[in-house]
Amino acid sequence: REAAFAEASLLQRLRYPHIVGCEDVFWDADQSAVMLVLEFMDGGDLQTLIDTRRSEVEQGKALPFEPHFARRVLAAVGGA
């Protein structure tokens, strides 16, 4: 629990265009979990983007991601 709060505190101070901002952190005793309040990210999350593309490729509606897609995502996160 303390480690999660320490990490969340770091996330609250982090400001970078490719990182969703953390607005608040609190302990939810009912769920025994640290909860993060994140800023709204227009366009959805990365998992939904990947799942949607996979489905569209399977249906023949889209092409797979370009070969360097994962590298670009990791570079954006790693450069934060």
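1. Let's start at Leu 46, which is partly exposed, with a relative accessible area of 39%. On this scale, buried means under 20% relative accessible area, exposed means over 50%, and partly exposed is in between (1.4 Å probe, protein chains only). Before going on, a word on the source: this is a predicted model, where local features need pLDDT of at least 70, side-chain atom pairs count only at pLDDT 80 or more, and totals for chains, interfaces and linings use all residues. Residues are numbered from 1 along each chain as its sequence is written, and side-chain values use heavy atoms, with hydrogens and water left out.

2. Which residues does Leu 46 touch, not counting those up to four places away in sequence? They are Phe 69 and Val 73, where contact means heavy atoms within 4.5 Å. Leu 46 and Val 73 are 27 residues apart along the chain, and their C-alpha atoms are separated by 9.3 Å. Val 73 belongs to helix α3 (residues 69-78) and counts as partly exposed, at 24% relative accessibility. Phe 69 is buried, with a relative accessible area of 16%.

3. Leu 46 itself is part of helix α2, which covers residues 46-58. Helices here are DSSP runs (H or I, at least four residues), as are strands (E, at least two), numbered from the N terminus. With 13 residues, α2 reaches 18 Å from its first C-alpha to its last, close to the 18 Å expected at 1.5 Å a residue. That expected span is 1.5 Å times one less than the number of residues in the helix.

4. At the start of α2, the backbone nitrogen of Gln 47 has a side-chain oxygen of Asp 45 within 3.0 Å. After α2 comes Gly 60, with a positive phi near 75°.

5. Now for the salt bridges: how many does a search of the whole structure find? It finds two, a salt bridge being a side-chain nitrogen of Lys or Arg within 4 Å of a carboxyl oxygen of Asp or Glu. In general, side chains of opposite charge can pair when their charged atoms come close. One of the two joins Asp 51 and Arg 54, at 3.6 Å, N to O. Because Asp 51 and Arg 54 are three residues apart in helix α2, they are separated by about one helical turn. As background, an α-helix has 3.6 residues a turn, so residues three or four places apart point the same way. Asp 51 is partly exposed at 35% relative accessible area, and Arg 54 is also partly exposed, at 47%.

6. In another salt bridge, the side chains of Glu 66 and Arg 72 meet at 2.8 Å, N to O. Glu 66 is partly exposed, with a relative accessible area of 44%.

7. On the aromatic side, searching the whole structure turns up one aromatic pair. The partners are Phe 65 and Phe 69, stacked at 3.9 Å centre to centre with 10° between the planes. Rings of Phe, Tyr and Trp (its six-membered ring) pair if their centres lie within 6.5 Å; planes under 30 degrees apart count as stacked, over 60 as edge-to-face and the rest as tilted. Phe 65 is partly exposed, with a relative accessible area of 24%.

8. Phe 65 also has a charge over its ring: the charged end of Arg 53 sits 4.4 Å from the ring centre. For this, NZ of Lys or CZ of Arg must be within 6 Å of the ring centre and within 35 degrees of the ring normal. Elsewhere, Arg 1 lies over the face of Trp 27, 4.1 Å from the ring centre.

9. Where is Ser 32 placed? Ser 32 is in the loop between β1 (22-28) and β2 (33-38). Its phi is near 50°, a positive value in a residue other than glycine. Ser 32 counts as exposed, at 54% relative accessibility.

10. Last stop, Cys 22 in strand β1. Is Cys 22 buried or exposed? Cys 22 counts as buried, at 2% relative accessibility. Leaving aside neighbours within four places in sequence, Cys 22 is in contact with residues including Ala 8, Leu 11, Leu 36 and Leu 38. Cys 22 and Ala 62, 40 residues apart in sequence, are 33 Å apart in space, C-alpha to C-alpha.

Technical notes:
A polar contact is a pair of N or O atoms within 3.5 Å; within protein, one must be able to donate a hydrogen and the other to accept it, and residues adjacent in sequence count only if both atoms are side-chain atoms.
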